[in-house]
Amino acid sequence: MDLFEKVVSNPGPLGQFADAGYGYYYFPKLEGEISNHMFFRGKPVLVWSLNNYLGLANHPEVRRADTEAAEKFGLAAPMGARMMSGHTKYHEQLEQELAVFEKKEAAYLLNYGYMGMVSIIDSLLDRHDIVVYDSESHACILDGLRLHIGKRFVYPHNNMERFEFQIKHAQKSADQSGGGILVITEGVFGMPGDLGNLKGILRFKEKYGFRLLVDDAHGFGTMGITGAGTSEEQGVMDGVDIYFGTFAKAMAGIGAFVASEKRIIKSLAFKMRSQIFAKSLPMPMVIGSLKRLDLIRNHPELREKLWTNVHALQKGMREKGFDIGKTQSPVTPVFLKGGVGEATQIVADLRENYGIFCSVVIYPVVPKDVIMIRLIPTASHTMEDVKITIDAFSEIRTKLGEGKYSTGGIPPVADKY
Ligand SMILES: Cc1ncc(COP(=O)(O)O)c(C=O)c1O
């Protein structure tokens with residue numbers, strides 16, 4: 001069979017709707033400066049789908065730091081991978097400041113969180129080692145595990161009884177193979193918004209002897225009294241052996257980092273293939289991240305504003321009887337009953353008639369008869385935005401109940417892939 005014929009005959013779970021939803025449900029173009037108010041297809045929209053948690057994307061000091069660094073160094077600098085020619089005193093400074101912030105001995109920058117996580121897992125493990133991980137782990141964790149040829153045990157999301165069951169298996173296997181055990185969870189789970197039970201996991205640490213890696217992409221900058229993340233929130237910073245955060249969310253940038261003991265960071269720096277064989281983070285992103293970190297540390301009012309908005313939105317939605325699941329973080333899922341056809345019509349109605357832009361999650365990420373609309377409150381939102389949104393959701397729920405969205409199909413949209 002011709003390979004290309006085979007590829008196009010199997011577009012995959014997302015690609016099957018590529019033509020019908022292009023430019024609207026998939027690859028929508030949000031325009032204007034990043035904020036709570038942007039433009040979609042020429043119309044102003046109230047935006048709830050960006051992880052710009054602290055509103056840093058357009059903070060004047062951030063914009064200035066990014067611009068000045070771009071003017072001084074350009075986007076090319078430094079050229080090459082860190083190990084060869086892409087290392088600078090700014091990269092080192094950012095690593096030192098992140099390590100101090102996370103109360104770890106050392107940190108290392110990663111050029112993308114996704115690639116970094118894949119390589120962290122790959123670098124830590126050999127075929128004798130065993131992994132125990134949460135069933136709802138992000139794709140970067142699952143893809144890192146694809147490279148692992150040793151045993152792995154998965155436990156149902158945050159289920160500590162099953163966790164113990166699996167860690168017992170892992171211990172038995174590790175005793176036989178002579179390997180170690182790595183436990184992996186997220187800090188904040190990005191879809192449901194609940195927290196990884198770090199405290200619960202750590203209760204088993206002494207008994208079963210494992211190392212804990214936490215992907216805190218959504219928790220870094222948003223959770224904990226200083227913004228140091230979910231481990232700080234749960235009072236277990238010491239128990240987390242390897243902490244991972246990205247700059248793509250609360251930091252409103254690109255890049256990521258891993259923090260741990262110095263000997264582990266040193267080992268990772270010499271083993272992570274996605275970093276050794278790829279270009280270093282550009283200077284504006286590094287210098288811009290120093291500014292962002294400075295704002296996170298010294299402007300707690302940004303986090304306070306975020307949480308004021310989070311509480312108003314989540315309390316308001318709950319009071320109106322909406323199911324927002326078990327979120328304990330800014331991530332706010334709204335669960336409604338319906339299929340893909342209804343989901344697409346609701347999203348279109350919200351965008352066209354209420355001027356609200358949010359992302360929808362459908363089967364297979366959630367069960368077939370569930371629609372999950374995910375709202376991301378940020379420090380840039382206002383109480384007015386919250387009220388408009390709760391009112392709009394109340395109306396669409398009524399329409400859903402009246403069967404107004406049950407005509408099926410995807411409403412016509414303009415562009416084709
Ligand atoms: C839990 C989690 N881990 C890792 C990543 C990847 O981070 P990055 O965007 O820096 O590649 C994301 C981003 O979507 C995420 O949500």
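Author: Helix H6, which spans residues 113–124, gives the most to the shell around the ligand, contributing three residues. The model is a predicted one, and in it the shell consists of 13 residues, of which Gly 113, Tyr 114, Ala 217, Thr 246 and Ala 248 come nearest to the ligand. Sorted by class, the shell around the ligand holds seven nonpolar residues, together with four polar and two charged ones.

The protein chain is divided into domain 1, made of residues 3–53 and 300–401, and domain 2, made of residues 60–298. The C-alpha centres of these two domains lie 27 Å apart, and where they meet, 18 residues of domain 1 are in contact with 17 residues of domain 2. On the side of domain 1 that touches domain 2, helix H15 (300–319) and strand E11 (332–337) are the elements that give two or more residues, and the largest share, three residues, comes from H15. That side of domain 1 divides by class into eight nonpolar, seven polar and three charged residues.

Two helix pairs can then be followed in detail. Helix H4 (residues 60–73) and helix H14 (residues 283–298) have axes that come within 8 Å and cross at roughly 155°; because an angle over 145 degrees counts as roughly antiparallel, H4 is roughly antiparallel to H14. The crossing in which H4 passes H14 is right-handed. From H4 the contact draws on Glu 61, Val 62, Ala 65, Asp 66, Ala 69, Ala 70 and Phe 73, while H14 brings Met 283, Pro 284, Ile 287, Gly 288, Lys 291, Arg 292 and Leu 295. By class, this contact of H4 with H14 has nine nonpolar residues, one polar residue and four charged ones.

The other pair is helix H16 (residues 340–353) with helix H17 (residues 383–401), whose axes are 11 Å apart and which pack at an angle of about 140°, and H16 and H17 are therefore oblique to each other. H16 also passes H17 in a right-handed crossing. Here Glu 342, Ile 346, Asp 349 and Leu 350 of H16 meet Ala 392, Ile 396 and Leu 400 of H17, and the contact of H16 with H17 is made up, by class, of five nonpolar and two charged residues, with no polar ones.

Conventions:
Residues are numbered from 1 along each chain as its sequence is written. This is a predicted model: local features need pLDDT of at least 70, side-chain atom pairs count only at pLDDT 80 or more; totals for chains, interfaces and linings use all residues. Domain bounds come from an automatic or database domain assignment. Two residues are in contact if their C-beta atoms, placed from the backbone, lie within 7 Å. Helices (H or I, at least four residues) and strands (E, at least two) are DSSP runs, numbered from the N terminus. Ala, Val, Leu, Ile, Met, Phe, Trp, Tyr, Cys and Pro count as nonpolar, Asp, Glu, Lys and Arg as charged, and the others, Gly among them, as polar. A residue is near a molecule or strand if its C-beta atom, placed from the backbone, lies within 6 Å of it. Axes are lines fitted to C-alpha atoms, for helices over the stretch in contact, and angles run from 0 to 180 degrees between N-to-C directions. Angles under 35 degrees count as roughly parallel, over 145 as roughly antiparallel, 65 to 115 as roughly perpendicular and the rest as oblique. A crossing is left-handed if the near helix is turned anticlockwise from the far one by less than a right angle, and right-handed if clockwise.
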